[in-house]
Amino acid sequence: MRQVAIIGTGQTRCKERRDDVSFPGLIYEAASRALEDAGVSIKDVDAVVFGSAPELFEGINHPEHWCAEAAGAWLKPSMRVHTGGTVGASTGIAAFYYVASGMFDTVLAVTGDKLSESPVQLGLSTVYDPILGRQFACGAPSAVALQARQYMDEFGVTEEQAALVAVKNRRNALLNPYAQLRIPDITVEMVLSSPVLSSPIKLLDSCPASDGACAIVIAGQERAARLCPRPAWIKAVATYNEGVYYPGRDFATPLALMEAAKKVYKTAGITDPRREIDVAELYEAFSFQEMLWSEALFFCERGEGGALVESGATQMTGDLPINPSGGVLSTNTIGATAMMRQAEAAMQVMGRAGEHQIEGARTALAHGWGGGIQFHTVMIVSADK
Amino acid sequence: MHMRKVAIVVSEQTHHERRKPDKNVEDLIYETVSGLIAKAGLSISDIDTVIGAGDDVLDGRSISNVFTAEYAGAFLKEESKIEDDGAFAAAYAFMRIASGSFDTAIVYGYSKGSDSSPQYYSGMIADPFFLRPLGVEAITAAALQAGCYYQRFGVTESQAARVAVKNRRNAIGNPFAHIKGNYTVEDVMASPQIASPVKRLDASPVTDGCCAVLLASDEAVKRFSLKPAWIDGLSFCTDAYYLGHRDLSVARSARKAAGKAYAMAGILDPRREIGVAELHEPFSFQELMLAEALGFCEEGGGGRFIESGASEPAGRLPINLSGGALSANPIFATGLIRLAEAAKLITGQAEYAGIEARKAVAHATSGFALQSNIVYVLSSN
């Protein structure tokens, strides 16, 4: 298969409310930055892939049409990917296939959401089925609270261990100029004593809501090698789905992520992910999830996610730093969030992560999560072709 | 560079109707995809990837593929969703297979317009600042386009009415079509104005339905006894969003997409080389605009083209032998049905027509007034 690489990334400043721009304005900001970072102009772009999460967030249907010019898609091929929380990653992965197929050589993938335009949890409550779920629809935190509770009960992980994740990522965020939420004096006690949103999830275990966008530029091997001194070569991708209403479904065993992990490791030739992956950006919208995803990605044994964070291995100074960007706990636009994981993973192997750069990072993993808490995406990027 | 060949193996669709009160969208998807894999002689474990097409606003449910995907067989599979017509989702599936990563893909598109309001759905495509306060939605946008088109080129309302008559007559033999019959130009002209100059019978209906298509790589195609329709060419293109930012009298993005699809397929003269076309015409006059944009007649010549009979079943380039969108319009499946019908026509699988042609064009559109378009060139050689 044709080699494909990320050659540029762009993120907007994220805020709880960006009053200075419209939704297309956010998209334009991210797209322009990615093109600038890649050192290409929009004329060099063969196709655009657009991604955003539920329409109810902005109250606009088919935002890819409204944002066509802002995304650089005028008189170019463009379509919209929409897979909920994973959409940022699904869009980046679609762009990967655009280039890997040989149809296109340079593709701009751009994603975002302007969550301040609507009550986000109301929008997320409409994810619940109108017949079999709307009566008890309760947004995202309550669904994830069920997952966290089941995970704690089955494996004995604790709220304190989850709080360690929150503290680690919130400290990392201080090194990332694009991270939205900054709590310099964060401690485990602060997390544990923050208000309960939906037990066991507390406010500081949770992500904020952001207005923001992210874009990446993806190119085929010749173009990538010519334009970029150190591209982030995409070694493997996966976009796995799982059902919602099947008997025996176990929220604490993310089957789709385990399938996705097996596939990308096989494709990328990774046999020992803990050793071979230098840095990971995971979609931890809630602190508990970073531990659970670490297990499903085979970074540690089942039930050892808590011990992994306690060991310090996932700190920036550890052997497998997770979320040096500050992660989703620090910025969550939903639409762009999973693409920010890909962009941050690429920045790490390109050596462009600035103050939160992990020294010597050559292989990075980017994860996306969403849907009815059952969609998972994974991308592996490497400094080595 | 060398690109792997990809073919349409087989398709399946529901019997499209105004209202299917006994089925939800999951039922429609399950019955269609089950029928598809049965026709192909496969089991679901033979499918490598699934790409869906639908819309949260029409479904009244956010991230709708949370629920639909497993009914399309995507449980623990590589799955994704395009929030656009299924013909765009098929392009993504095509690229997934062409990359060498997958051998077989299911693409499905569906909607139940009866559960929701397609007019509100399209009204929400209007941006909240400039268009929405004016009440612009799909029908009013098309009416503005019809006015521009008629005025600039002298095409008439009764010429457009001929498209509505032709397509609904073609639909008589199509067991899946929803609106069919021997209408006359007078019937169309006398039907109520819905947004002048567009009349009720110029417009596609609201339909409940689903379509699914099986795509396969050249190696995987050998597993099937069915005659494949090869995707020789494929391109898509989007134009400016605001109606005032484009020349509404021409479908520029369709012309651009067609040019690239023809180049990819090695088509030099579409009028001579293409034997049949399935075009996504939400409104009758748009079939004429698309015939121009796709090079089947000269720019502005759409009216004379329909009068010449060229696009009639006995003409040199029959358009919408299946009945087109005017005869069945399950939004998000409508364009995918064009692709399915074009493939059926050139492989001898169409229930309603036997033709000699071995090269077909399939087209789908998205957005207000033909903003975004996708064009396929298929061959059965």
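**Exercise 1. Determine in which sense S8(B) and strand S11 of chain B pair, and over how many bridges.**

Solution. Strands (E, at least two residues) are DSSP runs, numbered from the N terminus. Two strands pair if DSSP finds at least two bridges between them. S8(B) and strand S11 (residues 372-379) of chain B pair in the antiparallel sense, over 7 bridges. Within S11(B), B:Ile374 is the bridge partner of B:Phe236. Next, S8(B) is joined by 2 bridges to strand S1 (residues 6-13) of chain B, and these two strands run antiparallel. Here B:Ala229 in S8(B) stands opposite B:Ile8.

The model is predicted: local features need pLDDT of at least 70, side-chain atom pairs count only at pLDDT 80 or more, and totals for chains, interfaces and linings use all residues. Residues are numbered from 1 along each chain as its sequence is written, while chains are lettered from A and ligands numbered from 1 in the order in which they are written.

**Exercise 2. Explain why strand S8 of chain B is described as largely enclosed.**

Solution. A residue is buried if 20 or more other C-beta atoms, placed from the backbone, lie within 10 Å of its own. In S8 (residues 229-238) of chain B, 10 of the 10 residues are buried, so the strand is largely enclosed by the rest of the structure.

**Exercise 3. State how many residues each chain gives to the contact of chain A with chain B.**

Solution. Two residues are in contact if their C-beta atoms, placed from the backbone, lie within 7 Å. Chain A gives 49 residues and chain B gives 49 residues. On the side of chain A, H3(A) supplies the largest share, 5 residues.

Notes: Helix = DSSP H or I, 4+ residues; strand = E, 2+ residues; numbered from the N terminus. Buried ≥ 20, exposed ≤ 12 C-beta atoms within 10 Å, placed from the backbone.
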